[in-house]
Amino acid sequence: MLTLALVVVLAPFGGFLLQSAFGRRLPRQGDWLTIATIGASFAASCALLAKVLGGETLDPAVVAGARFDWLRFGDVVWRVGVKVDGLTAVMLFVVTLVAFLVHVFSSAYMKGDPKYWKFFAWLQMFSTSMLVLVLADNLLVLFIGWELVGLCSYKLIGFWSEKAAPGNAARKAFITTRIGDLGMVAALMLVYAQTKSFAFEDMFRAATTGSLDSQTCTWASLGLLFAAMGKSAQFPLHVWLPDAMEGPTPVSALIHAATMVAAGVYLVGRCYPLFTDASLLVVAAVGGVTAVMAGLIALAQDDIKKVLAYSTVSQLGFMFLGLGCKAWHAALFHLTTHAFFKALMFLGSGSVIHACHHEQDMRRMGGLWRKMPITGTTFFVGVLAIAGFPFVTAGFYSKDAILAGAWHMHPALAWVGLGAAVLTAFYMFRLFAMTFLGKPKDEHVFEHAHESPLPMTLPLVVLGVLSVVAGWDLVGWHTKLLEPTAAAVTSAGSVHGHEHSEVVMTLAIVAGLFGLVAGFVLFAKTSPARVAALKRPFAALERAFARKFGFDELYRELVLRPAYTLAKILSWADAEGVDGAVNGIGRTARSASRGSGWADAKVVDGAVRGTGAAVLAGGGGLSRLQSGRFRTYVAAGVVVVATVLVVLSF
Amino acid sequence: MGSNLLTLTFLIPLAGSLLVLLVPKESAGRACRWVNLLTSLATFGATLAVWSGWSKHTGGGYALVEDAAWIKAFSIRYHLGVDGVSVALLLLTSFVSLGGSLASWNIEKSPKGYHSMFLLLLGGMIGVFMALDMFLFYLFWEIMLLPMYFLIGIWGGPRRQYAAIKFFLYTLAGSVLMLAAIVLIWIKHGTFQIPEIVALVKAHGGLFGEGAEGLRIACFIAFFVAFAIKVPSFPFHTWLPDAHVEAPTPISMILAGVLLKMGGYGLIRMAYPFFPTAAATLGTTIVVISLISIVYAAFVAMAQTDFKKLVAYSSVSHMGFVTLGLASLTPEGHNGAMYMMLAHGTISPMLFMIVGVIYERAHHRDLDRFGGLAWAMPTYGVLAAFGIFASLGLPALSGFIAEITVFLGSFQSFPRLTLVATVGMVVTAAYYLITLQKVYLGDTPAVYRDKAHYPDVSRRELLVLVPLAIVTLWMGILPDGAMSIYRGDLEGILEGVKAIAGKP
């Protein structure tokens, strides 16, 4: 298993190295090479999955060579290694599969880009980092992977940073997530100070035996949550994700929908034993608020990718809601189904954007289903899945499980979730109707639209199938992979994984269908003029949604501007205050030495001239050195040295 | 032992320095730089030999010791020796100087003087890291001051004289304090020998005898200020931005890469082991100073428009980690502080070279006038991004290891203050990414598209940058390699400090 785990992560790393070094000169700029390496990684992930299904795990405490001594301090050794359990196996499968499909998709989508080879190199580096994050057996290496995916995200959002907008978006993403990372560093410090270890098993043992007291656990877990909120774009650190849509669409699908942004959910899921009831309540609150808030904003967006981005934020909020409600299994389950249907819809939107010559405004689309049957159909499957269309789609099962958990915790939380579910179904159908149904709104765009080539449609079909079947317990996906892990990480009795409450299920079905039908009636069956008339009373609300509740402006005024001002003030204070004091002292000393040390200066001056001349033989700078001011300074300096030497000799 | 390897190691650059002066004037430029390069190379080789000699040494303590009476009247001895801490810094010194020597290739103005000074500086720095007699230490400390002063004052930018004087006087002020403390120790205990003094501290629980805590604190402060000026710590840092802005590129590399480390070295070698109780008493003060250095300098860096000044302030910010880690008195903190010296010692020369590359082409360093250089000079862009990410503490690069270990160490002793210091991580990311975007991303102004005036990095520039990048990467992925050189001895020093400081 160790070998397989190493293949999983080293194949794309090798791909990154080769692609960076030779990609540009290879035939087809090396895209086939990277597809092959990520394919190998996927194959190894499947093999690992099979082994885990067979009951094996890779426990670094047991398997020789799965861990090595990385660093040591005093008696403390930092050991790092790889760990594979049910959760890891599921994550590896999802990450490598989506990464593979995105590579294939990109080979058509990015065709003709001047930096084509570089794009694949960074996709490989991203895959490597993400896999490091998932395979790590300790929090420190997880953090390393965590930061490296952030780097790749930065590079890929800013892939077209010849223009200003992608550059700004990339910077915003990196810095916002880094604010979250402060929480991770705090958690690392808190846990390490007490346990002197980062290994998950040591941390969890300390948490369960009580050698990590519950207050420390609460603070550490809140730190982790804060980091997760940065990475997974949860309120109030969600602002970077919509901007990140400046990156190429395959990147949005892979990094900003399926994998990296889900890393926050993975982090909380992985470190679950550290979370106390108090911190779980915060997790649930953050998730609930985010799910509803992002859903509302998504209602009023017209850029197809922005709608999907806010939908991602909202769905991630759902997962946090589930985690906070102790529905661990449900949340991680939703992570996998969401990865499939959201990657599907992002790649679908990529297919549309590709067909419409980089038009992203849905107000200029419409009627595209006819022109793009595969894209349209698979997209529709994705819409049904995210809306939780009952009994068929994967999204139904995972969302229902979260709602059941929330209901169990407190019905109010479930109502929040249900509200978000209605919004989800509604705005997703709005997106679908504006893009694929109705009459074309822009003849020119419609005219040029065409179905995308096979490398783009094939991933859509695969993901479409997965968006349905991932809900079933195929090959023991739940019973053998997620549930055992859930049992291991959550204390007995507090888990209610698959417990279906009929009330909740009914409510979930009603919510999903209500949203879909409302969307259908309003956006497919009602004339635009009538919709506009209906919306009029809510104009103020719509403006608030469209402006994203003003978070960007708020942060600009409350964080960015004060930070820049502070920087300016401190810079001024440094020059005028701190340095001014130094110069003041210098001036005083100089006038003092001028007054008293005239004779000394004469003597010393000669000495300086002598040394200078000796050392600088051949140097032309000497004449410059003899300007008066300089001489005074040197004199003053040498006087001090001389005085000291005199003192010394007594 | 009978080995003269250490003497040889610092004599090589001094001999080179004299050799440069003998070069006939007509062929000065070419010949001098070759002499410089070969001497630097030989010095690097010598430090490798020191490393190997040290690693064969068993039984702890100092290796390759040379000890002879020198000025008997004052019991001053010619006493050299190295432990792991010195070996690591010697390797850093000769390695960075090798890069600096290559970066000095295009010095046109009086090359004889320049290269001679350069090698004199190298000799002085090497001496500092192996002197075991405090007087000798002081001598080397002053020896390297002089060439640095001339290198900035003659070969520097427009305000070079001001910067050189400031550097000189500032360091001198620190030296005077240090000298006073050294003399005081000598008066009281009659020795300048560092190992002897440490043994005295161990035997009697502190210098100056019972009840002299006030004196010990005063002496510690004197040492601390002397070294904090060099580090430099807030509020003694203002000489650094000026010195960097005016210094020629290779001198900035050495200034940031090696000279600042002498401050940290002095703290490790003398201030802490000589006065453990004072160090513990003043722990919180030192942490506050470090914290201000880290966060304050990061904010000041954010407001800079001169690329080089920005990198200079980032040095102040990063070197704050050194004092923060030392103040924690934990193995993680001390090892991390030393690791920061090595990491910063390779990353900051890289960044100064990166600034130098573009300054040489554009003749300005105004951040607001650059743009899109990553497209105009692709290799340069990649290396610059590498340096910037290394400096902002990206994992898998050396700066990350240093920062995280210092944090983990200092949190154990000063949890709240350490949490405040982590804010520096965000500010650092902010100013570096703003810089990256301003200079390298975005649209390329037409001037910089001119291939004739803005060629990509030359082979010589690559030769300077790539080795530094490789070391940064290696130290980030397999940190134990570098750390194992100094860990044993550093932890020994820390044990000694803690054994005394732990007593009430």
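Buried, in this talk, means under 20% relative accessible area, exposed means over 50%, and partly exposed is in between, with a 1.4 Å probe and protein chains only. This is a predicted model, where local features need pLDDT of at least 70 and side-chain atom pairs count only at pLDDT 80 or more, while totals for chains, interfaces and linings use all residues. Residues are numbered from 1 along each chain as its sequence is written, chains are lettered from A and ligands numbered from 1 in the order in which they are written, and side-chain values use heavy atoms, with hydrogens and water left out.

I start with helix α10 of chain A, residues 249-258. Ten of its ten residues are buried, so by the cut-off just given the helix is mostly covered. The buried residues include T249(A), H256(A) and A258(A). Helices here are DSSP runs of H or I with at least four residues, strands are runs of E with at least two, and both are numbered from the N terminus. What covers α10(A)? Among the covering elements are α3 (86-109), α4 (116-135), α13 and α14 (328-355) of chain A.

Next, α13 itself. Helix α13 (residues 304-324) of chain A and helix α17 (residues 394-409) of chain A have axes that come within 8 Å and cross at roughly 45°. Axes are lines fitted to C-alpha atoms, for helices over the stretch in contact, and angles run from 0 to 180 degrees between N-to-C directions. Under 35 degrees counts as roughly parallel, over 145 as roughly antiparallel, 65 to 115 as roughly perpendicular, and the rest as oblique; α13(A) and α17(A) are therefore oblique to each other. On the α13(A) side, F318(A) and M319(A) are among the residues that meet α17(A), where I402(A) and L403(A) are among the partners. Contact means heavy atoms within 4.5 Å.

I179(A) is partly exposed, at 27% relative accessible area. Leaving out residues up to four places away in sequence, I179(A) touches F226(A), L237(A) and V426(B). I179(A) and G230(A) are 51 residues apart in sequence and 7.1 Å apart in space, C-alpha to C-alpha.

Last, the hairpins. Two strands pair if DSSP finds at least two bridges between them. In chain A, β1 (residues 67-73) and β2 (residues 76-81) run antiparallel, joined by six bridges. That hairpin has two residues between the strands, and G74(A) takes a positive phi near 55°. In chain B, six bridges join β1 (residues 63-71) to β2 (residues 76-82), also antiparallel. There, four residues lie between the strands, and S75(B) has a positive phi near 50°.
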